[in-house]
Amino acid sequence: MKKHLCWLVLTFTLCASAEEQLSAAEKFAQLGQELPTPGETRLASGAPGPAYWQQRADYRINVELDDQRQRIIGSEQITYHNLSPHTLSYIWVQLDQNRFRPDSDDMVTATAPDFEAFPYRGMQNLLSRREFDGGFVISQLTGANGEPLRYTINKTMLRIDLDIPLGAGESFVINLNWEHNILDAVAIRARGGYEYFAEDDNYIYEIAQWYPRVAAYTDFDGWNNKQFLGSGEFTLELGDFEVNITVPADHIVAATGVLQNTEEVLSEAQQRRYQQAHSADEPLFIVTPEEAVDNQSNKARGKQTWRFKADNVRDFAFASSRKFIWDAMAVTSGDNEVLAMSFYPNEAEPLWSQYSTEAVAHTIEVYSRFSFDYPYPTSISVNGPIGGMEYPMITFNKPRPYPDETYWDVRQKPDDYTWERSKYGLISVIIHEVGHNYFPMIVNSDERQWTWMDEGLNTFLQFITEQEWEPEYPSRRGEPKDIVEYMISEGQVPIMTNSESLLQFGSNAYAKPATALNILRETIVGRELFDFAFREYAQRWKFKRPTPADFFRTLEDASGVDLDWFWRGWFYSTDHVDISLDKVTLYRLDTGNPDVDKPLARQDDEELPQTISELRNAGQETRRDRRPQLNDFYSQYDEFAVTPYDYAKYEELLAGLEDRERAQLESGKLFYAVEFSNIGGLVMPLPLQIEYEDGDTEDIMIPAEIWRRNAEHVTKLFITEKPISRIAFDPYLQTSDSDLSNNHFPRQIQKSRFQLFKQSEEPNPMLRQEPDGWKQDDS
């Protein structure tokens, strides 16, 4: 559309109804009441304050793995340090194995499955959960001097009542004896358990949430004694661990921390390889495939104890099996030398020896660049029945090849089962789980309350790490275009929802926040500013306990970018992105010069479309053609011809103008008013690509603040030297826009494909009675 220039074009973008102005004000309002008031414990900048504190718990544990009954028996001593300024009259302890009791809240509140599409796996999990005899059996709970302690068990929580309140700066010792059954993790979906191999009558054990753990006590939440329902994971105190694990004599054990007694549990050859691995630049076998086969075939008698020590960790997990191959290599992170290791059965080959330890090392290298140097001496990947779980220095990762050693490449969108049998499924889950050592094992956020603070941040860095593995890595999460389907779906809740109440868990807590951070980095803040701010957050809160407010405030504080509108839209709402490029209007400036304006006016008139009647009437003889006496002046009048009057008016115009004003008339600028509407509700920047008639293109980024006075409709003015032929919104798919069909002006033809299929017919009841009658070809 072409029009003469009206100078009001510069201001009509601000015109909005009172309702539209209110909507814009709400979307750009600062996060005030939504965030806790800062203070000396947590500063307004998002940093820990001078009054910051957190508790600590040290553990000494002895545990025995019963390979005959699939049971573990343990005793532990917890030294709890009250570093808060408060006096405590009781201490809460987590009993996470009680989730598997038949009367747990997780079991009792479970809702019915979707029987319209109920898989065998789902049925197996449903029935096995009902039959499994789970939960802790606590046989003793005493204090430092052996005196019994008063305690109350409330499902997955245990409260120890103190006879003498524990003052600020004081410590308290708790001694517990306990045991519990180990579940079949192939049958029951869980974060720990065993996998049985009938072919050789052996087990792989991946043991997690296996001992009573002190609950977190924080400045923002007091005791975190929420019941464990399965989805909301964990929030724990940091501490030092000494753990002695007794297993069958031919088992190989992987665990949190550093092995203290290699000379007792490894052969001389294995000890030599173990030492060599500390300087190896590629994976080196410590336990070879042949030794693993020998172990699983010739079961040894007796037991042996593996001793581990781990400093400044929030949890401890281990894996044990006589089937394990063990390889390792060295990786450098800053000034720290790290031993990257993998434990896996021969059934995991050929994928695991080629990719697992390399993926561990790659993760440490990339994550350390974006956060902080990896502070622990080891990082382990274990293959077993657990799909993907993380603990300090050790991760459980399920993908392995088919029994015939084939596997998928999976560059198309896979289903979960195919992903578990693919090369990229393995690499991705290892990157993700090893990455969790940074978030939340070190940046110690509260997983039970805010899943996204570790899963979302970790998935964001996982995406970056995957893209540095190889060109066109098939990442499943991170790209803005890949979250569109979720963001327009039904049944959503905001990211800032308690972990146990999330809907579409993976998309909500993993994919959406990861995508949001990628958009911040690539589109809103920019890589340099964002990377500095994200690294600042990680380093501020390393070995500390951040909240969402600390994350939001730090990113703004360190980048210098006001992002409250972004947190409000992406984290506190379920709005989606659908911005429509509605209309483009070209305004030309009338110069007053008839030699310029009259030819342009003629051109505009000639470009007007003809009506159907005008087209069909063209060339027909009219009455005036037959009777020339009907012609007059206006019969030959050319309204676009330049007249003396036009020149006089132009001279009159110029006489009244200053030189600056004359230059404006002669500038030859083109004025394009581009109208946008916000259909999805989520305010976002406007990344645009403008194509000119001469073929040149220009990329322009308009910040989201363009919506600050009217969040529903805006008009942006572009002043150009040459004509525009096309304008595209979000040409590089960087905003998660849900409808690409309205992103272009002029509109583009939308392309798609369809397939033909041949309709089949079920055999009738008569045919079903005949032997093989139902196999007849009715074609």
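Mentor: The accessible surface of the protein comes to about 37,100 Å², and carbon and sulfur atoms account for 49% of that surface. Please bear in mind that this is a predicted model.

Trainee: How many of the residues of the protein count as buried, as a percentage?

Mentor: A residue is placed in this class when its relative accessible area is under 20%. The protein has 779 residues, and the share that counts as buried is 53%.

Trainee: Is the protein a compact globule or more spread out, and what is its radius of gyration?

Mentor: The secondary structure comprises 21 helices and 31 strands. For 779 residues the globule rule gives 28 Å, and the radius of gyration is well over that, so the protein is more spread out than a compact globule. The C-alpha atoms fill a box of roughly 125 × 85 × 50 Å along the principal axes. The radius of gyration itself is 35 Å.

Trainee: How far apart are the mean positions of the positive and negative charges?

Mentor: The protein carries 75 positive and 126 negative charges. The distance between their mean positions is 2 Å.

Trainee: Which residues does Asn 295 contact, leaving aside neighbours within four places in sequence?

Mentor: Asn 295 is part of helix α6 (residues 289-297). With a relative accessibility of 16%, Asn 295 counts as buried. Its contacts beyond those neighbours are Asp 250, Ile 252 and Arg 322.

Trainee: How many residues of helix α15 are buried?

Mentor: Helix α15 spans residues 564-571 and is mostly covered. Among its buried residues are Trp 565, Trp 567 and Trp 570, together with Arg 568.

Trainee: Which value of omega belongs to the cis peptide bond from Phe 745 to Pro 746?

Mentor: Most peptide bonds are trans. A cis bond joins Phe 439 and Pro 440, with omega about 15°, and Pro 440 lies in the loop between α9 (423-435) and α10 (452-467). Pro 746 is in the loop between β31 (744-745) and α21 (765-768). For the bond from Phe 745 to Pro 746, omega is near -5°.

Trainee: What is the phi of Met 393, and what is the phi of Gln 504?

Mentor: Most residues other than glycine have a negative phi. Met 393, in the loop between β23 (388-391) and β24 (394-397), is buried, with a relative accessible area of 1%. Gln 504, in the loop between α11 (484-487) and α12 (505-524), is partly exposed at 35%. Both have a positive phi: that of Met 393 is about 70°, and that of Gln 504 is near 50°.

Definitions and conventions:
Residues are numbered from 1 along each chain as its sequence is written. This is a predicted model: local features need pLDDT of at least 70, side-chain atom pairs count only at pLDDT 80 or more; totals for chains, interfaces and linings use all residues. Side-chain values use heavy atoms; hydrogens and water are left out. Helices (H or I, at least four residues) and strands (E, at least two) are DSSP runs, numbered from the N terminus. The radius of gyration is taken over C-alpha atoms; the globule rule is 2.2 Å times the number of residues to the power 0.38. Buried means under 20% relative accessible area, exposed over 50%, partly exposed in between (1.4 Å probe, protein chains only). Accessible areas come from the Shrake-Rupley method with a 1.4 Å probe; for residues, only the protein chains shown count as cover. Lys and Arg count as positive and Asp and Glu as negative; His and the chain ends are not counted. The place of a charge is taken as NZ of Lys, CZ of Arg, CG of Asp or CD of Glu. Contact means heavy atoms within 4.5 Å.
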